[in-house]
Amino acid sequence: MERTRKAPATATDSPVPTALPGAPAKPAAGEPTTRGPRPKRGVPEGLWLKCDGCGATIYRKEAEDLLNVCPQCGFHWYVSAAKRIEQLLDAGTFEEWDADLKPADPLGFRDKKPYAERIVAEQKRTGLKDAALTGTGMIRARRVACGVTDSSFIMGSMGSVVGERLTRLVERATAGKLPLIIISASGGGARMHEGILSLMQMAKVSAALARYSQAGGLFISVLTNPTMGGVAASFASLGDLCFAEPRALIGFAGPRTIKATIRVELPKGFQTSEFLLEHGFIDRIVPRKDLKSEIARVIDYCGG
Ligand SMILES: [Zn+2]
């Protein structure tokens, strides 16, 4: 059988934008873009969107009615943590936990600007205190503990506050015997600005999840674009069930980093949901519109 050989795939052929763990704040991958100057992250403006998946110009309202999914190609755009909660939980049922936890700057870290200043700017821009939102609510009348990370806040990276909020979420889910849902949208992995304090969050959340598991809890991890670095390497991969949104970028180091390190061409579609499903890393690809029903179904099936 003869095959026409195509030019080897490069990292830029990836269907979703790449993101490097620990990279400084960059626009969230897959976020809607409008014509003209790029809008601020998490603050979409304008009537029309250009789809990052198919390049079509889409009426914003139409995409929003489809939970920020392209009506033509099914591309899943970025959605903020607050919007995720709204899309997933029954209206008016969300009760936030640990809203008073705020990030500190224990190392006096600075890169392009001091971390303390960066935190304030990110809080102002996103309306979040840090990159995670946690609490409880109902999914089709089933009570759950629910956490979401938001890639627009310093790449959704996990510092002390994200780790602490998620750990407390897991502990409350354990105590209350609640099904646990964590939706990951973290392109940044462990947050470099907090050094070792960020790194220890991976072990902390994972240990809480181990205790939750021993207590018989059901943890559904939902991976969205992007889920990278220390987030992918800890709680996001520890679900009893791991769901992923279509065409999400999921991995540890970004494809460019891996390619530059091992100097071989990466397989086509490397680090996408579809590739990871094929290789057994995730359990199911769930389009955003089906997520709520799928989670409710799994909870029932598992006797939650
Ligand atoms: Zn599209």
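1. A residue is called buried when its relative accessible area is under 20% and exposed when that area is over 50%, with partly exposed in between. These terms are applied below to a predicted model.

2. Helix H3 spans residues 115–126 and therefore holds twelve residues. From the first C-alpha to the last, H3 reaches 16 Å, close to the 16 Å expected at 1.5 Å a residue.

3. The buried residues of H3 are Tyr115, Arg118, Ile119 and Glu122. Because these residues cover an arc of only 100° around the axis, they lie on the same side of H3. The general rule is that an α-helix has 3.6 residues a turn, so residues three or four places apart point the same way. On the other side of H3, Val120 and Lys124 are exposed.

4. After H3 comes Gly127. The phi angle of Gly127 is positive, near 75°.

5. The model also contains a zinc ion, whose protein donors are the SG atoms of Cys51, Cys54, Cys70 and Cys73. These donors lie 2.3 to 2.4 Å from the zinc ion. Along the chain, the donors follow the spacing C-x2-C-x15-C-x2-C.

6. The site of the zinc ion is tetrahedral, with angles of 106 to 116° among its four donor atoms.

How values were computed: Residues numbered from 1 in each chain as written. Predicted model: local features only at pLDDT ≥ 70, side-chain atom pairs only at ≥ 80, totals over all residues. Heavy atoms only, no water. Helix = DSSP H or I, 4+ residues; strand = E, 2+ residues; numbered from the N terminus. Expected span 1.5 Å × (residues − 1). Buried < 20%, exposed > 50% of the residue type's maximum accessible area, 1.4 Å probe, protein only. Arc of directions from axis to C-beta. Donors = N, O, S within 2.8 Å, 3.2 Å for Na, K, Ca; no water. Tetrahedral: all angles 85-135°; square planar, octahedral: opposite > 155°, others 65-115°.
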